[in-house]
Amino acid sequence: MTQSLEIPVQEFSLAWTMTADKGGRVGFAATGQVTLLDNKRFYKIDGVLYISEGSTYCRDIGNPHLFVRRNGVEESGRQWGWETICNRKSCSRLCAMDAYFVRTGYWAPADKAIQLSIGAESGWNRKRSFSPTITVRLPD
């Protein structure tokens, strides 16, 4: 039988506001926690993506499809590469419910932090834009 030991979690909160051409805006947020599991061999990210504020209808900002992505950072500065960890949700769906996400993966001894950001695809050409990133540093 395998026992999974968790060390203290690191919580994160990321806010991002998209503006409309006519001055309206919609705020999005991703909050949750990052945990190291099984003697720091694996990581788990779990959280929720939701609309935090808004003064305009989602279609006014192009009704983008939103997602959360992650990137890992090693001690040397080398990065894993960005990977989507939340299915794309339209703003109209986020008005009705939040988007929960969970991602687990291998945590190497050289790994030190996880970066997170919110992404949006909008329009027929799927133009992408990204929020500023946050870095969640995990204990050694």
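**Notes on a predicted model: salt bridges, sheet, core and rings**

1. Through shared partners, the salt bridges join R70, E83 and R103 into one network.

2. How buried or exposed are the members of this network? R70 counts as buried because its relative accessibility is 7%, under the 20% limit.

3. In total, the structure holds seven salt bridges. One of them is formed by E74 and R78, whose closest N and O atoms are 2.6 Å apart. E74 counts as buried, since its relative accessibility is 16%.

4. Now to the sheet. Strands β1, β2, β3 and β7 form an open sheet of four strands in that order, and their pairing is antiparallel. The edges are β1 (10-19) and β7 (99-106), each of which pairs on one side only. On average, neighbouring strands in this sheet are turned by 20° against each other, direction ignored. As background, strands of a sheet pair through backbone hydrogen bonds, in either a parallel or an antiparallel manner.

5. The contact between β3 and β7 is worth a look in your viewer. Strand β3 spans residues 42-54, runs antiparallel to β7 and is joined to β7 by eight bridges. Within this pairing, K44 stands opposite T104 in β7.

6. Which residues touch the most other members of the largest nonpolar core? They are F28, I45, L49 and L66, in a core of 31 residues. At least two core residues come from each of β1, β2 (25-37), β3, β4 (65-74), α1 (91-96), β7, β8 (111-122) and β10 (134-137). The largest contribution is that of β2, with five residues. More generally, nonpolar side chains in soluble globular proteins tend to be buried together.

7. L66 deserves a point of its own. Leaving aside neighbours within four places in sequence, L66 is in contact with W16, F28, L49, N87, R88, K89, C91, L94, I118, G119 and A120.

8. Q115 is a polar residue to check next. It lies in strand β8 and is buried, because its relative accessible area is 13%. Not counting residues up to four places away in sequence, Q115 touches R69, R70, N71, V73, Q79, W82, I134 and T135.

9. On aromatic rings, the count comes to five pairs. In one of them, the rings of Y43 and W107 have centres 6.2 Å apart and planes at 70°, so the pair is edge-to-face. Y43 lies in strand β3 and W107 in the loop between β7 and β8, so this pair ties together parts that are 64 residues apart in sequence. Both Y43 and W107 are buried.

10. W107 also pairs with W80. The centres of these rings are 6.0 Å apart and the planes stand at 80°, so this pair is edge-to-face too. W80 is in the loop between β4 and β5, so its pairing with W107, in the loop between β7 and β8, ties together parts 27 residues apart in sequence. W80 counts as partly exposed at 26% relative accessibility, whereas W107 counts as buried at 5%. Together, Y43, W80 and W107 form one aromatic cluster.

11. Finally, a residue at the surface: is D21 buried or exposed? D21 is found in the loop between β1 and β2, and counts as exposed because its relative accessibility is 84%. The C-alpha atoms of D21 and R137 are separated by 36 Å, and these residues are 116 apart along the chain.

How values were computed: Residues are numbered from 1 along each chain as its sequence is written. Side-chain values use heavy atoms; hydrogens and water are left out. Two strands pair if DSSP finds at least two bridges between them. Axes are lines fitted to C-alpha atoms, for helices over the stretch in contact, and angles run from 0 to 180 degrees between N-to-C directions. A nonpolar core is a set of buried Ala, Val, Leu, Ile, Met, Phe, Trp, Tyr and Cys residues joined through side-chain atoms within 4.5 Å. Buried means under 20% relative accessible area, exposed over 50%, partly exposed in between (1.4 Å probe, protein chains only). Contact means heavy atoms within 4.5 Å. A salt bridge is a side-chain nitrogen of Lys or Arg within 4 Å of a carboxyl oxygen of Asp or Glu. Rings of Phe, Tyr and Trp (its six-membered ring) pair if their centres lie within 6.5 Å; planes under 30 degrees apart count as stacked, over 60 as edge-to-face and the rest as tilted.
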